[in-house]
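Please give me a briefing on this structure.

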Amino acid sequence: MPDTEHILRIKDLRVEYRVREGFVKSVDDIDLDIEKGKFTAIIGESGCGKSTLNNVIMDILSPNAVIGKNSRVFFNGEDLLKLDRERLRQFRWRKAAMVFQAAQNALNPLLKVSEQFLDVIEDHETGEKKRESLQRINKLLELVKLDSRRVLSSYPHELSGGMRQRTIIALALVLDPEFLILDEPTTALDIITQSYIFDILTDIHNRLGLTMALVTHDISAAARLADNVVVMYAGKIMETGDIHSIFNSSRHPYSRGLLNAMPSIEGETVKKKPIPGSPPDLLNKPPGCVFHPRCGLAGEICAKEEPGLEDTGGGHKTACHKWREALP
Amino acid sequence: MIMPRNTGKRLLESFTIIKHNRRAFFGLCVLVFFILMATAGPVVIPLDMSQDFLMRFQGPSWAHILGTDFAGRDIFQQLVHGSTDVLTIAFATAFFGSFIAVLVGLSAGLVGGKFDMLMMRIIDIFLTVPNFPIMIIFASIFRINDPISFALVLAAWSWPGLARALRAQVLSLKHKEFVEVSRVMAMPYRHIMFKEALPGLMPYLMINFIDMARGAITASVGIMLLGLVPLSVTNWGMMLNFATFQTGAIYVPSALSYLLSPMLAIILFQYGLICFASGVEEIFDPRLRS
Amino acid sequence: MMPVVELRHVNMEFQLDRKRRFTALRDINLEINEGEITAIVGESGCGKSTIGRICLGVLKPTMGAVFYNGRYIWDSGFSWDKPTRCMVQVVHQDSYASLNPLRTIYQTLSDILRFHKITRGDKDTRSKVKSLLEVVGLTPPEYFLDKYPFQLSGGQRQRVSITRATILNPKLIIADEPVSAVDASLRLSILDLMLRLNKEFGIAFLYITHDLATARYFVRDGRMIVMYFGSVVEEGRIRELIDNPRHPYLHALLSAMSTSDPSKAKRKRELPLKSLDMPTVDNLPSGCLFNPRCPYADEICEKEFPQLSTIEGEHRISCYLDRVPRWEKHSRN
């Protein structure tokens, strides 16, 4: 039964990668809900599992990945993990689309941009006439502030990096999906272009009411774009909530540490501090709370028992035994 | 523990890597088999080249494991005795060829400038002048009696292509950051060449090594047929040539093993080399170890 | 005191093909003194990495002079002696490419120690390598000795690059985007490490980046040079530049940077720019290269390239206009 509030409900998701030394638990039994119509940012360092999470949803995991038997990924009530290939194909791009990391090279260099758009439409058998398609494509390009006359007749290499990225975003929207995931969409782009693309993404979100998710390690991108935030670390969810709760009154030492470790162009530089230690070896995760070796608040219980996600009020959930102690 | 000068431990570690890689281990076994054949074989197994035409084109039997050839002689014995020359020529050619190619290609790429231009011209000359006529001239001037000098001549014509490819690889490596850092740290060219550049080129070298070995076997047949080098009947390539073209074995059903034996020997030898090479790649590039 | 490295009227042109020449750098004058930390900031293509390579002595400028401790290094009579050659070292952005992927950490570091005869014998070398790893926080050092670069994380590899750069006691380290490829949360620890090296050993740094935030954190009281398409558009003490930016391009850069405060970050902003397109080699604007994008551009901006002129003290900009308004930090439109 489709949920009217959440577009994506993930339960007990576990994804392990088989490597020579054993199994790497990249996503470690997590539960996650993504609200419809909102912009959710999934933030974490590299290795935290956010990209794997992304790949599970779009079914593009690498061959040595093993999904746990109890894992469920409900999209509008339907378990994606149980879909057969044909249904998955229909799901991908029509219901949910993705903008990849370093996507600027995802365009086929041998085809004109217009052909790539038309190809995608044709492949998904919408039955639409070419003229209608082109009209729609024009509207989309307008949405991403591209001049369709110039862009459609060009080859990818004739466009700048920023223009290619905007083209990719338009391409992701071409089948009018309900859900758009962006995986580090602005790596390798200049600051000014980045800022411009962020503006476009906010515009798309507001105008189309589209449910969007951003997977990133860039806190400031999340600050700018997101309504809700999910903080991940070493395959586990540390904290979730709306953006103001998380950024202004975080209830998890890791999130706080992360926010404090980002230099910015204003504020006291002296107050910034890196998180001590380094991320754990995913083959040998620490017992109990996976963050405890680096945590200033860690107590005995933290080394023994894994904290579950606890609701601290107003949908703000945290996975920390000591969250009460850290309140300002 | 890897200490650059501690060869014993490095060999042991290399062996472990090969052991874990099934293909490479198979390749190693095949190579060991052939090397034993080439070294101990002729001692253990006598060669009886007496002709007995009544026994010609016999299939495999207890008396003759691989059957007999057009003159009734045991094929297996011939293979064993031929293996010495074949392996020597193949390995020696590949070794000499690679060695020269590495020296020329790497130094040309690294040093650059006029030296590079000079080397490139030399390579070009070697590449454009046709091999065979020169080899004929060589053969008439220098007596080629033993496999080693034969290998030298063959190597002289196989190194240029590889040298050029290596030079291209070095040129691209040169601008890689880690080479730039070595330059900035005033490390000598010799270090950059052998410790920084060469290990990355090993996989490429391996493939070419095998190619050269293979090419040497084929080339040796051609040269022998031209009468430039004393004919060695037990050379596998020669045997294959006889079987296919000279003695009509392809028309005789029972001579199937005469036809297949040298062919399979060559194929198996090469396949062993290829399989082994995949393990060697792993030794040199730790990223490939699964 | 002679500056460690000095660039005078340096121009760099690259021949793209038979017809076109690309000017990567235009009249660069730069002085790096002992113990100083200087940032070169700009977007990709502005020439900042090229300056780095020229300072490193591996790229010869088409015009202009490069001095190491007062010695002109591209002079016909000049030859590199070891101490001079090792005076300037580098830390690259891509730690994966700057470490030989086929050599272990121990091998990479010991090669240098042995060749330069800093240590003798295996025991001596091992203990020196271990202490080098400890200095950069790679503990326990034994764990890292036999690892290959691909077995280390980006941050760890970068630390190895940094410690390698210190081996020959350089006076200056060129850090070309050293933390851009490192996870955002780990960047500070790497920058802290470099700050420590600067304080303890007096090593000067040339920090090349596109990220103003890390530049601000790292450079502290030092200077910043803002580049646009091969020219310096603004330079001076970094604090002064960020508090009181005068060139419209710097205004645009500062506006484009996000903060970590959601309420501020979400405020709608208009970048003070007329167009998004960077100039390309084939259609370089005349006069000031920034004028097609500059919202305050005037006729004079298209005529001639503005020279660097002093506003106050060390703060210089290359712009004609006095009427560029002051940049308000919190009112982004």
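Helices (H or I, at least four residues) and strands (E, at least two) are DSSP runs, numbered from the N terminus. This is a predicted model, in which local features need pLDDT of at least 70, side-chain atom pairs count only at pLDDT 80 or more, and totals for chains, interfaces and linings use all residues; side-chain values use heavy atoms, with hydrogens and water left out. Residues are numbered from 1 along each chain as its sequence is written, while chains are lettered from A and ligands numbered from 1 in the order in which they are written.

**Where chain C meets chain A**

- Contact means heavy atoms within 4.5 Å. Here 41 residues of chain C and 35 residues of chain A take part.
- Buried area is the accessible area (1.4 Å probe) that two parts lose on being put together, summed over both. For chain C and chain A that area is about 3500 Å², with 61% of it on carbon and sulfur atoms.
- On the chain C side, Ser185(C), Arg216(C) and Leu276(C) lose the most area to chain A. Together they make up 17% of what that side buries.
- A salt bridge is a side-chain nitrogen of Lys or Arg within 4 Å of a carboxyl oxygen of Asp or Glu. Between chain C and chain A the count is zero.
- A polar contact is a pair of N or O atoms within 3.5 Å. Within protein, one atom must be able to donate a hydrogen and the other to accept it, and residues adjacent in sequence count only if both atoms are side-chain atoms. Six residue pairs, both at pLDDT 80 or more, are in polar contact across the interface of chain C and chain A.
- Four helices of chain C each supply at least two residues to the side that touches chain A: H8 (187–201), H9 (212–219), H11 (248–256) and H12 (262–265).
- Residue classes work like this: Ala, Val, Leu, Ile, Met, Phe, Trp, Tyr, Cys and Pro count as nonpolar, Asp, Glu, Lys and Arg as charged, and the others, Gly among them, as polar. The side of chain C that touches chain A has 18 nonpolar, 10 polar and 13 charged residues.

**Where chain C meets chain B**

- In this interface, 35 residues of chain C are in contact with 25 residues of chain B.
- The two chains bury about 2800 Å² between them, and carbon and sulfur atoms give 64% of it.
- One salt bridge is found across the interface of chain C and chain B. The side chains of Arg53(C) and Glu180(B) meet in a salt bridge, at 2.8 Å from N to O.
- Five residue pairs (both at pLDDT 80 or more) are in polar contact across the interface of chain C and chain B.
- Elements of chain C giving two or more residues to this side include helix H1 (48–56), strand E6 (88–91) and helix H7 (154–166).
- H4(C) gives the most to the side of chain C that touches chain B, with six residues.
- That side divides into 17 nonpolar, seven polar and 11 charged residues.

**Two spots inside chain C**

- Glu177(C) sits in the loop between strand E7 (172–176) and H8 of chain C.
- Buried means under 20% relative accessible area, exposed over 50%, and partly exposed in between (1.4 Å probe, protein chains only). Glu177(C) counts as buried because its relative accessibility is 7%.
- Leaving aside neighbours within four places in sequence, Glu177(C) is in contact with Lys48(C), Gln93(C), Ile208(C), Thr209(C) and His210(C).
- The peptide bond from Thr139(C) to Pro140(C) is cis, with omega near -10 degrees. Pro140(C) is in the loop between H5 and helix H6 (141–145) of chain C.

**A covered strand in chain A**

- Strand E3 (residues 39–43) of chain A is mostly covered, with five of its five residues buried.
- Phe39(A), Ala41(A) and Ile43(A) are buried on one side of E3(A), and Thr40(A) and Ile42(A) on the other.
- Two strands pair if DSSP finds at least two bridges between them. E3(A) pairs in the parallel sense with strand E9 (residues 211–216) of chain A over five bridges, and Phe39(A) stands opposite Met212(A) in E9(A).
- E3(A) also pairs in the parallel sense with strand E10 (residues 228–233) of chain A, over four bridges. There, Ala41(A) stands opposite Val229(A).
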